[in-house]
Amino acid sequence: MFNSFDFIGKRKIWFGFSGLLIILSVVSIILFRFNWGIDFTGGTILELAFPKNVTVEEVRDGLRADGLETAIIQLSGSNMQGESGDDVIIRTRNLSAEEAQTVVSHVKDKVGEAEVKRIETVGAVIGSEVTKNTLLNVILSFGAMILYMSIRFEHRIALSAIVAICHDILMVLGVFAFFHLEVDASFLAAILTVLGYSMNESVVIFDRIREAIHTHRRTDSFAKLANDSIHQTIRRSLYTLTTTLFCVASLYFFGGDTTRNFALVMLIGFISGAYSSVCVATSLWVTWHEHTGSSRNASSREEKRSKA
């Protein structure tokens, strides 16, 4: 089925579809903004002491009524046994005094009576300086990727791959902004994972293109060269995507509330990465080559006319 499909011939569809998704993502980010987690904004710490051992899931069920099921829950105490303990520390978003009392009340109703040991507000774990450093590291990573791809391939391949990676990251950011999902420290780790996956998918295809340039006939167009390279790597890409999505989907559905957003970033990013590396990056490369070739041909014709 894929061996006869003209991926490059459908590039206008890919560009239109991706352009629409990028616009929707940017609009979502502007209108809805991000729901920054307590790692960035600080939060409230609740510490409760129960007369009996309780589990994380029991406490999390008590937090669902207030929409705080993604809160960080830690068990401690002298009676710790396996996955249960009698002292519970809950770290969640900033709560007012009334909200904190309501949360405690709901947890007691669900889990049982408890002594409130402390309710206090804390600052952000990831401060502005660390956030700036993280963004700087991402920018430096992009620069290193462009340099690596330019040395290994050429600058057009490098920039095409970077555009595809930016496309994938925007897809993730747009979904999280639109649905107002929490952005925390694990989100940054997942974004870097998506970046690496998308880069790897692009390298596989462009590596095949580089090899094919020396073996294809000189009369072959860049579109045919790219299509043939995609056909030779598409099965490998699909197998990799399928096995990866199986693992990430398992983490999303069965990993619990604390890892759900982390897994969702990778689900969106991996699907987008497989699509963009095949349809967007290669199409950009072919379009760029064709445009450069047309410009050169036009310049040559103008030169000949002027000499004549």
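Which side chain meets Arg 156 in a salt bridge? It is that of Glu 154, at 3.2 Å from N to O.

**View 1. The salt bridge of Arg 156 and Glu 154.** The model is predicted: local features need pLDDT of at least 70, side-chain atom pairs count only at pLDDT 80 or more, and totals for chains, interfaces and linings use all residues. Residues are numbered from 1 along each chain as its sequence is written, and side-chain values use heavy atoms, with hydrogens and water left out. A salt bridge here is a side-chain nitrogen of Lys or Arg within 4 Å of a carboxyl oxygen of Asp or Glu. Arg 156 is buried, at 13% relative accessible area. Glu 154 is buried too, at 18%. (Buried means under 20% relative accessible area, exposed over 50%, partly exposed in between, with a 1.4 Å probe and protein chains only.)

**View 2. Arg 118 pairs with Glu 47.** Their salt bridge spans 2.6 Å, N to O. Arg 118 sits in strand 5 (residues 115-122) and Glu 47 in strand 2 (residues 43-55), so the pair ties together parts 71 residues apart in sequence. (Strands are DSSP runs of E, at least two residues, numbered from the N terminus.) Glu 47 is buried, at 11% relative accessibility. Arg 118 is partly exposed, at 28%.

**View 3. Arg 118 also pairs with Glu 120.** Their closest N and O atoms are 3.0 Å apart. Glu 120 is partly exposed, with a relative accessible area of 32%.

**View 4. A network of salt bridges.** Glu 47, Asp 87, Lys 117, Arg 118 and Glu 120 are linked in it. The salt bridge count for the model comes to 13.

Conventions:
Helix = DSSP H or I, 4+ residues; strand = E, 2+ residues; numbered from the N terminus.
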